[in-house]
Amino acid sequence: DAAHLLAPVAIASSLGLGHVRVPIVTPFNLGLNGNAITVTNALHAAICAAADGDPADPSVTARALATVVAQRKRDGLEPLTFGMTFPYSTHNYQLRFWMASGGVDPDEDIRLVVLPPPFMVESIANGQVDAFCVGAPWNSVAVDLGIGHILHFVSEILQRAAEKVLAVRARWAEDHADVFRRLVRAHGRAAAFVEDVNNRDEVAAILSAPDRIAVAPEVIRRTLDGRLKVSPDGTYRTSERYLLVGRSGAARPDPVQAAWLYAQMVRWGQATQSADALTVASRVFRPELYDAAVDRPPVAVPNLPADGLGAFTGPAFDPADVAGYLAAFPKLR
C-alpha cells in the first residue's frame, strides 16, 4: 500500500514509463541528497593528474574526466564503467549531469551499468566498475577498505536533490485518508528523531544491525553528521547539506524537484516532452498533502537556491520552460 521509492520511480510509474502506468502520489520526502560519486584509486589519480584547477570543483573533474576518456580512446582501452542503481534513479541523472558538463557523453563515451547498492563495493573491488554513484553508506565502505575515493558529494552537484520518497497509489490515498495522514505524521516524527543530534548514536546503532544495513555504527554516524572520510589517507570532507532527512524543509515535497527529474528523463531519451506529461510528473510531489497531514504552515528554508535546486552549472531551472532549459545545454553528439 505504501513504499520507499527512488523519487524518479514514482514519476516514471505515474507516466507509465518502462512498465504499466500506476498513478503515484508522494506526500513526504524521506531524504534530500545523500548520494556520492566514488572512483577507484587509479581513476582518482588519473582525474587529478588531468585536472586544470581544484579537483573539489565538479566542473574541473568533469573536464578532467573528458580528458581521461579521450586518452583511453587513443590508447585503445575499454571505456570506463560507472555503476548506478536504476535507469529511473537520481544516481543515473546526477552522474549524467556531471559528466555531460565536461563534454562526456554518458551513452557513448563510457558504460553505465545497473547494480544494487550493496554490490557496489564488491564491484569496484573486483574491477567490474571504475566508479559508482550510490547513497550512503557504500561510498564510505569503499573508502574505509582503501579501494576508492569519494570524488564528489551529490550535494556539490545539486544543492537540493529529491532522493527517496514515501509513495502511495493515488487511489489508496483517497480511499484511506485518515490512515494516510497518520502515516505522513509518523514519518515526520521519525525524521525529527533522526535529525536530533542527541539521538544519532541510537539511530546509527539501530541501522547498523545485521538484519538492516550491517555496517559499523560509526560509518552511519558519519553519514548523519555529513562528515565523511573521502580518501584512504584519512582526509575528511564536511557538508551541512550532505544528507537532509527532515531539516531545512527537506521533508516537504517540491513539485519543482519532480519537474527537474522529468526534464532529465526527456534529456536522456526516456520520455517525450509534453505539457501533459510535465503536469503529471509535477503532480506526483504533493506539498499540500504534506501540509494537511502535519497541520502546520510551511517553514522558511534558509539559503534556499533561487530555483529550488542549485545546480553547479547550467541555467537556473524553470519548470514552466523545460524546453528552453534543455536547449541551453550543448549537444553531446
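**Figure 1. Surroundings of Asn139.** The side chain of Asn139 makes a polar contact with the backbone oxygen of Val134 at 2.8 Å. The model shown here and in the other views is predicted. Asn139 belongs to helix α6 (residues 138-144). Its relative accessible area is 1%, so Asn139 counts as buried. Beyond four places in sequence, Asn139 touches Ala36, Ile37, Thr38, Phe132, Val134 and Ile150.

**Figure 2. Val219 and the residues it contacts.** Val219 is part of helix α10 (residues 217-225). Its relative accessibility is 5%, and because buried means under 20%, Val219 falls in that class. With neighbours up to four places away in sequence left aside, Val219 is in contact with Pro137, Ser140 and Asp144. The C-alpha atoms of Val219 and Ala136 are 8.9 Å apart, while the two residues are separated by 83 residues in sequence.

**Figure 3. The largest nonpolar core.** This core has 66 residues. Leu65, Phe82, Leu95, Trp98 and Phe285 are the residues with the most contacts inside it. Helix α11 (residues 255-267) supplies the largest share of the core, eight residues. A second, separate core has 39 residues, among them Phe28, Ile124, Val134 and Val294. In soluble globular proteins, nonpolar side chains tend to be buried together. A close-up of Leu95 shows contacts with Ile37, Phe82, Gly83, Met84, Leu112 and Cys133, residues up to four places away in sequence not being counted.

**Figure 4. Aromatic pairs.** There are eight aromatic pairs in the model. In one of them, Phe28 and Tyr290 are tilted, with 6.0 Å from centre to centre and 40° between the planes. Phe28 lies in strand β2 (residues 24-33) and Tyr290 in helix α13 (residues 287-294), so this pair ties together parts that are 262 residues apart in sequence. Phe28 and Tyr290 are both buried. The pair of Phe97 and Trp260 is edge-to-face, because the ring centres are 5.9 Å apart and the planes stand at 65°. Phe97 is in helix α4 (residues 90-101) and Trp260 in helix α11, so here the pair ties together parts 163 residues apart in sequence. Both Phe97 and Trp260 are buried. Together with Phe312, Phe317, Tyr325 and Phe329, Phe97 and Trp260 form one aromatic cluster.

**Figure 5. Arginine side chains over aromatic rings.** Arg227 lies over the face of Tyr236, at 4.1 Å from the ring centre. The charged end of Arg237 is placed over the ring of Phe153, 5.4 Å from the centre of that ring.

**Figure 6. Helix α3 and what covers it.** Helix α3 (residues 58-74) has 17 residues. From its first C-alpha to its last, α3 reaches 24 Å, close to the 24 Å expected at 1.5 Å a residue. At its start, a side-chain oxygen of Asp57 comes to within 2.8 Å of the backbone nitrogen of Ser59. Buried residues in α3 are Pro58, Ser59, Val60, Thr61, Ala62, Ala64, Leu65, Val68 and Val69. Elements that cover these buried residues include α2 (41-50), β4 (81-84), α4 and β7 (148-153). Just after α3, Gly76 has a positive phi of about 75°.

Technical notes. Residues are numbered from 1 along each chain as its sequence is written. This is a predicted model: local features need pLDDT of at least 70, side-chain atom pairs count only at pLDDT 80 or more; totals for chains, interfaces and linings use all residues. Side-chain values use heavy atoms; hydrogens and water are left out. A nonpolar core is a set of buried Ala, Val, Leu, Ile, Met, Phe, Trp, Tyr and Cys residues joined through side-chain atoms within 4.5 Å. Buried means under 20% relative accessible area, exposed over 50%, partly exposed in between (1.4 Å probe, protein chains only). Helices (H or I, at least four residues) and strands (E, at least two) are DSSP runs, numbered from the N terminus. Contact means heavy atoms within 4.5 Å. Rings of Phe, Tyr and Trp (its six-membered ring) pair if their centres lie within 6.5 Å; planes under 30 degrees apart count as stacked, over 60 as edge-to-face and the rest as tilted. A charge sits over a ring if NZ of Lys or CZ of Arg is within 6 Å of the ring centre and within 35 degrees of the ring normal. The expected span of a helix is 1.5 Å times one less than its number of residues. A polar contact is a pair of N or O atoms within 3.5 Å; within protein, one must be able to donate a hydrogen and the other to accept it, and residues adjacent in sequence count only if both atoms are side-chain atoms.
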